[in-house]
Amino acid sequence: MYGQYKRLPGEHVGVLTGKGLEWGGYLIRPAATGFGAVYFLEGMLAAKKDKLAGKRCIISGFGNVAWGTALKLAELGAKLVAISGPDGYIIDEEGITTPEKIAYMDELNATRNNVVEPFAKKFKSAKFVKGKKVWEVPCEIAMTCAIQNELNGDDAKKLIDNKVKYVVEVSNMGCTADAVAALQKKKVSFAPGKAANAGGVATSGLEMSQNAMHLSWTREEVDEKLHGIMNSIQTNCVKYGTEKNGYINYVKGANIAGFIKVADAMIAQGIAY
C-alpha cells in the first residue's frame, strides 16, 4: 500500500509541490529525513537480529520529519502509537498507521496552528494528553522528530523505566547530553542525529547528482538509493562503534567513521599526516 508510491498521503500539501518538480526536484524530499531515519533504525534492529515489524513506537512532532517517519514506520510494519506537539501529545492504541491518519498529520502541519489536539477530535481512537511530553508513553522505540534538546535526562529515565530498546535522534541534537549518557549507561541502542538524520541532506545530494547528469529518477529509484546510503552509514557506525562487550556505541561509531572518511580523502589528495 505505502510502498507503491502512487501518491504519498498528504503529498498535496507537502513542502515540495508544483512546478519545482519539473526542474528536477523529488516529491520524496519532504519525507526524506524521516524515511532515512527509519532505514537507519531498521539497520540497528538487524544488527541485534531484531525486526521492526510489530514494534511499539512513539515520535515527537507532526511536521514533515515526523510525517515521513510515520509513513515509513507504517510501511515497514511498526505500530506508531503516539505523536506530540507543543500543546501535549496524542496516544492512539489502534495505531497511527493508516493513510488517513498519516495524511492528517501533514494537514495539521499545513495549518501552521502548531497544535496536535485536533487529531483526537478527528479520530475517536485517539486521546489527547494536554501539557505532557510524549516520552512518558511506554514504547520499544522512541524517535525525536521535532526540536533540539527535546528529550532530557528525566525523559530518558522515563523511557528506560518503561523498557525502551531503541532511541533515535531524527531532529538535530534532539537529546541533551545527560539523556544520551543515561541511555548509553543502560545500554539502550541510541542513534545520534549526525548519522540517523542524514537522509534529508543525502536526498538533496541525489537531486544535485540527478540534475548534473541530466537524468530523471523515479521515486522508487530515489528511495532505493536513500536506503542504500543509510544502510552504509549504519554499517560504518557498527564497524567503528562496536565495543568489546558487544554494545554498539553509535555516537563513537559515527564520529570515527566521519573522521576516517575525511582523513582518507585528504590522504588521497596527497596530504600527509
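Modeller: Happy to. First, a term: helices (H or I, at least four residues) and strands (E, at least two) are DSSP runs, numbered from the N terminus. With that in hand, Met 230 sits in helix α9.

Colleague: Good start. What sort of model is this, and how are residues numbered?

Modeller: This is a predicted model, where local features need pLDDT of at least 70, side-chain atom pairs count only at pLDDT 80 or more, and totals for chains, interfaces and linings use all residues. Residues are numbered from 1 along each chain as its sequence is written, and side-chain values use heavy atoms, with hydrogens and water left out.

Colleague: What is the mean pLDDT of the chain?

Modeller: The mean is 88, and 89% of the residues reach 70 or more. pLDDT is the predictor's confidence in each residue, from 0 to 100.

Colleague: And where does pLDDT stay under 50?

Modeller: Over residues 1-24, for which the model has 58 contacts beyond four places in sequence. Contact here means heavy atoms within 4.5 Å. Where pLDDT is low, the predicted coordinates should not be read in detail.

Colleague: Noted. How many helices and strands does the chain have?

Modeller: Ten helices and seven strands. Of the 273 residues, 50% count as buried. Buried means under 20% relative accessible area, exposed over 50%, and partly exposed in between (1.4 Å probe, protein chains only). Among contacts in the chain with a separation of 6 or more, residues 24 or more positions apart account for 67%.

Colleague: Back to Met 230, then. Buried or exposed?

Modeller: Met 230 is buried, because its relative accessible area is 0%.

Colleague: Which residues does Met 230 touch?

Modeller: Leaving out residues up to four places away in sequence, Met 230 touches Gly 36, Tyr 39, Phe 40, Ala 195, Ala 196, Ala 198 and Gly 199.

Colleague: Let's talk helix packing. How do α1 and α9 cross?

Modeller: Helix α1 covers residues 32-47 and helix α9 covers residues 219-241; their axes come within 9 Å and cross at roughly 45 degrees. Axes are lines fitted to C-alpha atoms, for helices over the stretch in contact, and angles run from 0 to 180 degrees between N-to-C directions. The two helices are therefore oblique to each other. For the cut-offs, angles under 35 degrees count as roughly parallel, over 145 as roughly antiparallel, 65 to 115 as roughly perpendicular and the rest as oblique.

Colleague: Which residues make the contact?

Modeller: On the α1 side they include Phe 35, Tyr 39, Phe 40 and Met 44, and on the α9 side they include Leu 226, Met 230, Ile 233 and Val 238. By class, the contact of α1 with α9 has eleven nonpolar, five polar and two charged residues. Ala, Val, Leu, Ile, Met, Phe, Trp, Tyr, Cys and Pro count as nonpolar, Asp, Glu, Lys and Arg as charged, and the others, Gly among them, as polar.

Colleague: How does α1 pack with α8?

Modeller: Helix α8 (residues 199-212) packs with α1 at an angle of about 115 degrees, with the axes 7 Å apart. Ala 32, Thr 33 and Gly 36 of α1 meet Gly 199, Gly 200 and Thr 203 of α8. That contact divides into one nonpolar, five polar and no charged residues.

Colleague: And α2 with α3?

Modeller: The axes of α2 and helix α3 (residues 99-111) come within 9 Å and cross at roughly 175 degrees. These helices are therefore roughly antiparallel to each other. Among the residues in contact are Trp 67 and Leu 71 of α2 and Ile 102 and Met 105 of α3.

Colleague: Switching to loops: where is Gly 77?

Modeller: In the loop between α2 (64-75) and β2 (79-85). Gly 77 counts as partly exposed because its relative accessibility is 38%. Beyond four places in sequence, Gly 77 touches Leu 52, Ala 53 and Gly 54.

Colleague: Is Met 173 buried or exposed?

Modeller: Met 173 counts as exposed, at 52% relative accessibility.
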